[in-house]
Each structure stands twice: as C-alpha cells, then as structure tokens.
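Please keep the structure open beside you as you read.

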Amino acid sequence: MTGPDGAWFNPVAEFLATAYLRNAFTKGTEQEVDFVVEALGLEPGQRILDVGCGPGRHALALARRGFDVTGIDLSPDFVALAADAAARECLPARFSVLDVRELDVAGEFDAALCLCQGGFGLLGGRDEVGVFGRIVDAVRPGGGLAVSAFHAPFAVRHLEAEETFDPATGVLHEVATVRNEAGEERPFDLWTTCFTARELALLAALNGVAVTGIHGVTPGAYRATPPTLDDPELLLVGRRRAGGTPSARTD
C-alpha cells in the first residue's frame with residue numbers, strides 16, 4: 001500500500017456516480033443544512049461557497065432555500081452530477097472542477113462550508129493547513145465558516161482490524177468495497193485525515209477565525225454539543241474576524 005496521490009478519490013467518485021447518494025451518511029442533508037444556516041445566521045440571497053461539494057447535496061439544498069451557491073470539487077464526475085441537478089431544477093447554483101489546493105479568491109463569499117470531509121479531509125495529512133487558510137480567505141470579514149472533520153479520538157478508539165491509523169499525519173487508511181448503480185463491487189483504498197478539537201481550534205486561531213463552537217456530531221445529527229470520544233465527526237463553526245490578519249497559508 002502506498003500513500004494517496006492528490007486526486008485519489010476521483011476513481012471512487014467515477015465508479016460510484018449516483019450510487020454515492022445511497023450511502024446512509026448522505027441521508028441527513030436537510031438536517032445538516034438547517035443546523036448550519038441557523039448556526040451561521042445565513043439569509044437567502046447570500047453567496048455561499050461549498051468546498052468539496054461532491055455531487056452537490058448541501059449546495060443544492062442551500063440553493064433550494066434561495067442562497068446563491070458556488071460548489072467546487074476535484075471530481076469531474078461529481079461536478080457533472082451536481083450541475084445537471086441544478087439545471088433540472090433551475091437553481092441558483094454553479095459548479096466547477098477545482099483542486100481546493102488551488103482555490104484563490106479573496107472575500108467573495110458571505111460564508112464557506114466544507115462538510116462531510118469535503119476537500120479538507122481527503123488531503124493525506126499534508127496540505128490541510130494551507131487549504132484551511134484558502135477557505136477562510138474566500139470569505140468576507142465577518143462572514144461565516146462551517147468545517148467538519150473526522151474525529152481522531154473516535155478513529156483510534158474504534159479502529160477496526162483492517163484499518164490503520166498513522167499518528168504522524170492523523171490519516172486513517174482502510175480498504176472499502178463499494179457498489180455502483182449497476183450492482184458491481186470494487187475495493188478502493190480510502191484515506192481520511194482525522195483531527196482533534198484542539199487542532200481545529202489552533203487552525204482557526206492561526207487564520208483569524210473567531211470560533212463559535214467545535215461540536216461533536218454525527219452525519220444527519222448536527223447539534224451544538226461538546227465533543228465526546230464517541231462522536232465520529234467534529235464540526236467547527238465560526239466567523240472570519242473583521243480586520244483580522246491574513247491567513248497562515250503555507251503555500
């Protein structure tokens with residue numbers, strides 16, 4: 001087994017296509033969006049950036065609520081699915097293929113989301129600091145930020161026999177068998193970068209983000225509660241400080 005390259009998830013997305021949306025963790029989209037909209041105090045008409053949007057489930061849900069949404073993802077297959085869905089419903093959402101490591105916009109959005117690991121948890125433990133800074137830079141001063149991440153203590157506590165966890169990078173590796181729409185199955189290596197709540201807090205502080213909360217959550221059950229060892233994900237919610245210092249991007 002070798003480590004992940006920069007676009008390791010693209011073959012998984014190509015194989016899964018619409019079958020991705022059959023996964024149980026995708027069924028809580030409406031609850032997750034409801035929570036984030038309330039937590040960030042978002043108002044219809046605002047510009048929202050969805051980083052690592054996948055096939056667009058959060059972006060499309062936001063567009064249906066009247067938000068002006070831009071979604072970016074490295075997978076051309078997922079971007080095509082999201083764009084097709086937006087076109088069918090005539091939604092105010094645009095999607096483009098972009099490596100988040102090349103995101104370079106300054107204060108164009110009222111809020112940025114990176115949920116369900118998005119483009120933040122699939123980077124192999126190398127580029128997360130710079131990418132976090134790029135996401136923050138895309139938001140106007142005072143704008144909102146919501147970033148989820150897989151929870152390192154949970155990953156270690158519940159590590160299964162066929163999984164490995166690299167303590168140097170925080171990357172969880174597994175080989176998962178996935179099934180596409182035709183019922184075909186294929187194994188894929190999956191690498192997910194995991195974080196502690198303190199690491200997310202430090203990233204926020206380095207990048208001028210005032211943290212509202214770092215919550216312990218489960219897909220489809222976002223809530224404002226402190227993390228526990230049994231919460232599989234963390235959700236950071238905050239705002240870019242007005243007049244703050246530039247981000248701590250290392251690129």
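The second largest pocket has a volume of about 280 Å³. Of the 19 residues lining this pocket, T169, T193, C194, F195 and E199 are the closest to its centre. A pocket here is found on a 1 Å grid over the protein atoms alone, as an open set of points where a 1.4 Å probe fits, with protein on both sides within 12 Å along at least five of seven lines; lining residues have an atom within 4 Å of a point. Grid points are joined across faces, edges and corners, and the volume is the space filled by probe spheres set on the points.

Before going further, please note that this is a predicted model: local features need pLDDT of at least 70, side-chain atom pairs count only at pLDDT 80 or more, and totals for chains, interfaces and linings use all residues. Residues are numbered from 1 along each chain as its sequence is written, and side-chain values use heavy atoms, with hydrogens and water left out.

**Around the pocket**

Helix 5 (128–137), strand 8 (185–195) and helix 7 (197–206) each supply at least two residues of the lining of the second largest pocket. Helices (H or I, at least four residues) and strands (E, at least two) are DSSP runs, numbered from the N terminus. By class, the lining has eight nonpolar, seven polar and four charged residues. Ala, Val, Leu, Ile, Met, Phe, Trp, Tyr, Cys and Pro count as nonpolar, Asp, Glu, Lys and Arg as charged, and the others, Gly among them, as polar.

Helix 5 is largely enclosed by the rest of the structure, because nine of its 10 residues are buried. Buried means under 20% relative accessible area, exposed over 50%, and partly exposed in between (1.4 Å probe, protein chains only). The buried residues of helix 5 are E128, G130, V131, F132, G133, R134, I135, V136 and D137.

How many residues of helix 3 are buried? Seven of the eight residues in helix 3 (residues 57–64) are buried, leaving the helix mostly covered. Those seven are R57, H58, A59, L60, A61, L62 and A63. They pack against helix 2 (29–40), helix 4 (76–89), strand 1 (47–51), strand 2 (68–73), strand 3 (93–97) and strand 4 (109–114); contact means heavy atoms within 4.5 Å. Just after helix 3, G66 takes a positive phi of about 95 degrees.

The packing of helix 2 and helix 3 has an angle of about 65 degrees, and their axes are 10 Å apart. Axes are lines fitted to C-alpha atoms, for helices over the stretch in contact, and angles run from 0 to 180 degrees between N-to-C directions. On the helix 2 side the contact is made by T29, E30, E32, V33 and V37, and on the helix 3 side by R57, H58, A61, L62 and R64. This contact has four nonpolar, two polar and four charged residues.

**Two loop residues with positive phi**

Which residues have a positive phi although they are not glycines? A17 has one of about 50 degrees, and C90 has one of about 55 degrees. A17 lies in the loop between helix 1 (10–16) and helix 2, while C90 is in the loop between helix 4 and strand 3. A17 counts as partly exposed, at 26% relative accessibility, whereas C90 is exposed, with a relative accessible area of 69%.

| Pair | Apart along the chain | C-alpha to C-alpha |
|---|---|---|
| R186 and L16 | 170 residues | 9.8 Å |
| V178 and N23 | 155 residues | 9.9 Å |
| R223 and F35 | 188 residues | 7.2 Å |

R186 is found in strand 8 and is partly exposed, with a relative accessible area of 41%. Not counting residues up to four places away in sequence, R186 touches F15, A176, T177 and V178.

V178 is found in strand 7 (residues 171–179). Is V178 buried or exposed? V178 is buried, with a relative accessible area of 14%. Beyond four places in sequence, V178 touches F15, L16, E184, E185, R186 and F188.

R223 sits in the loop between strand 9 (209–217) and strand 10 (233–240), and is partly exposed at 30% relative accessible area. Leaving aside neighbours within four places in sequence, R223 is in contact with F35, H215, G216, V217, T218 and D231.
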